[in-house]
Amino acid sequence: MTLLDLANPTRFLTLTSRLLPWLAGLTFVLLLIGLYQSAMAPDDYQQGATVKIMFIHVPNAWLSMFVWGVMSLAALGTLVWRHPLADVAAKAAAPIGACFTFLALATGSLWGRPMWGTYWEWDARLTSVLILFLMYLGLIALWRAVEDPSRAARAAAVLTLVGAINLPIIKFSVDWWNTLHQPASVLRLGGPTLDRAFLIPLLIMALAFSLLFLTLHLAAMRNEILRRRVRALQLKQASQLP
Amino acid sequence: MTALAALVRRDVKIALRVGGGALIGVLFFLTVVVLMPFALGPDLALLTRLGPAILWLGALLASLLTLDRLFMADHEDGSLDLIVMGRVPLELACAAKALAHWLAAGLPLVIATPALGLLLNLDATSTSAIGLTLLVGTPALTFTGMIGAALAVTLHRGGLLLAVLVLPLSIPVLIFGVAASEAAIGGFSFGAPFTILCALSLISFVIGPFAAAASLRHGLD
């Protein structure tokens, strides 16, 4: 089973219909374990109980960038290999990514209020993530502005690849500028600086959120394929009208 | 080379003649700057402090306003198809068109800046600093905006969609343009934000033509 075999939408539909219940169940179990572990994690000596926002905030923030990365790969698939499912993947991922980005911003601002004394600060990390959110919205607007999906796909692919420049800027913004946001403490050279009591629940939550994305993405791709079939049938029906 | 030079000359000529509409951008820039004192109140000290931001915002909006014309007119009369099919690489042709657009619509904004600086009670050093940052920064606005213009022309949509697509990409230019101007006025280190602004322009020279050419090649039919 290679990527090319999946180019057949029907085969993709049958495979995902078998896969999705398992994925959804696994996501549910992992989320339960992750949430339980997060709730049981000790309070931080400085931040108290608010540190638990981290277990929601950090996976959302990771996913917000990861989804754009997935869309960039799909954009390459659209432009270079003309893979028939690539534009479906890109289109289905955009609203999910926008949700993750919004949740990262919202939980971050709720965390910022007790810790920094402000809901919002115009520092480099926050601003670059806000730009990411605006680009997600622009991309969704682009998808919705054009009727023909394959035409919209190529335009959206170019925009996605241009927007991918933002990803390293977000990742390294905390190193390049003096920001209120703390520097990386998990994915860094020299290993994580986070204590194991926090690290393990965080990694479980990150895995659970990634699986959540995979589940939602596959389901959204199925819906998009079915929606296109309905559209094609409707167009056919309309053309047969006297 | 001569083909590209001819393309630049043609585009500048069309933009400057009747119906070209390049100078509308300057007029818009002037109007936006004149509107500001009415909104903020005629407090000269406040206008001096906000001057760089007002000028940069005006220039950004004015360059956004004229971006529609970059490919739209050529698409309507069919010459864009000739450019796409021509022997000159499309990336270079896009770069030439953007250069011509900047000469006709971006450079006048830079030239108008000293006069507008007077209205905002800016002294000579501040005005020249803002003028210099605009001179370096407006090409970046044109070359990143070109991506949006190319997408808009292939989708037969302009206006608001173009603004929504282009504005997030131009935020870094705005940030470092205003930061460099304010550093020069406040006497902080001007070099760091200014060199980053130059870097943004150089990056946009590379990415803009390639992305615009890709979207034209895949989008036109």
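This is a predicted model: local features need pLDDT of at least 70, side-chain atom pairs count only at pLDDT 80 or more; totals for chains, interfaces and linings use all residues.
1. Overall make-up of chain A. Chain A has seven helices and zero strands. Read from the N terminus, its elements run α-α-α-α-α-α-α. Along the principal axes, the C-alpha atoms fill a box of roughly 75 × 35 × 35 Å.

2. Burial and contact range in chain A. Chain A has 242 residues, and 34% of them count as buried. Take the contacts in chain A between residues at least 6 apart in sequence: 77% of these join residues at least 24 apart.

3. Helix H4 of chain A, length check. H4(A) covers residues 124–145. Its 22 residues should span 32 Å at 1.5 Å a residue, and the end C-alpha atoms lie 31 Å apart, so the two values agree.

4. Helix H4 of chain A, burial. The buried residues of H4(A) include A:Arg125, A:Thr127 and A:Ser128. Also among them are A:Leu126, A:Val129, A:Leu132, A:Met135, A:Tyr136, A:Leu139 and A:Leu142. The cover over these buried residues includes H2 (54–81), H3 (86–116), H5 and H6 (166–176) of chain A. Helix H8 (160–186) of chain B is part of that cover too.

5. The contact between the chains. Chain A gives 15 residues and chain B gives 17. On the chain A side, the elements that supply two or more residues are H4 (124–145) and H5 (149–163). H4(A) has the largest share, with seven residues. By class, the chain A side has twelve nonpolar residues, one polar and two charged.

6. H3 against H7 in chain B. H3(B) spans residues 44–67 and H7(B) spans residues 124–155. Their axes come within 10 Å and cross at roughly 30 degrees. The angle is under 35 degrees, and the two helices are therefore roughly parallel. The crossing is right-handed. From H3(B), the residues in the contact include B:Gly51, B:Pro52, B:Leu55, B:Ala59 and B:Ser63. Those of H7(B) include B:Ser126, B:Ile130, B:Leu134, B:Thr138, B:Gly145 and B:Gly148. The contact of H3(B) with H7(B) has ten nonpolar, seven polar and no charged residues.

7. H3 against H6 in chain B. H6(B) covers residues 90–119. H3(B) and H6(B) pack at about 150 degrees, with axes 11 Å apart. The angle is over 145 degrees, which makes H3(B) roughly antiparallel to H6(B). H3(B) passes H6(B) in a right-handed crossing. H3(B) contributes B:Gly51, B:Leu55, B:Ala59, B:Ala62, B:Ser63 and B:Thr66. H6(B) contributes B:Ala105, B:Gly106, B:Leu109, B:Thr113, B:Leu116 and B:Gly117. This contact has six nonpolar, six polar and no charged residues.

8. B:Leu151. This residue is found in helix H7 of chain B. Is B:Leu151 buried or exposed? B:Leu151 has 30 C-beta neighbours inside 10 Å, so it counts as buried. Neighbours within four places in sequence aside, B:Leu151 is in contact with A:Ala155, A:Val158 and A:Leu159 of chain A, and with B:Leu165 and B:Ser215 of chain B. B:Leu220 lies 69 residues away from B:Leu151 along the chain, and their C-alpha atoms are separated by 9.8 Å.

How values were computed:
Residues are numbered from 1 along each chain as its sequence is written. Chains are lettered from A and ligands numbered from 1 in the order in which they are written. Axes are lines fitted to C-alpha atoms, for helices over the stretch in contact, and angles run from 0 to 180 degrees between N-to-C directions. Helices (H or I, at least four residues) and strands (E, at least two) are DSSP runs, numbered from the N terminus. Angles under 35 degrees count as roughly parallel, over 145 as roughly antiparallel, 65 to 115 as roughly perpendicular and the rest as oblique. A crossing is left-handed if the near helix is turned anticlockwise from the far one by less than a right angle, and right-handed if clockwise. Two residues are in contact if their C-beta atoms, placed from the backbone, lie within 7 Å. Ala, Val, Leu, Ile, Met, Phe, Trp, Tyr, Cys and Pro count as nonpolar, Asp, Glu, Lys and Arg as charged, and the others, Gly among them, as polar. A residue is buried if 20 or more other C-beta atoms lie within 10 Å of its own, exposed if 12 or fewer, and partly exposed in between; C-beta atoms are placed from the backbone. The expected span of a helix is 1.5 Å times one less than its number of residues.
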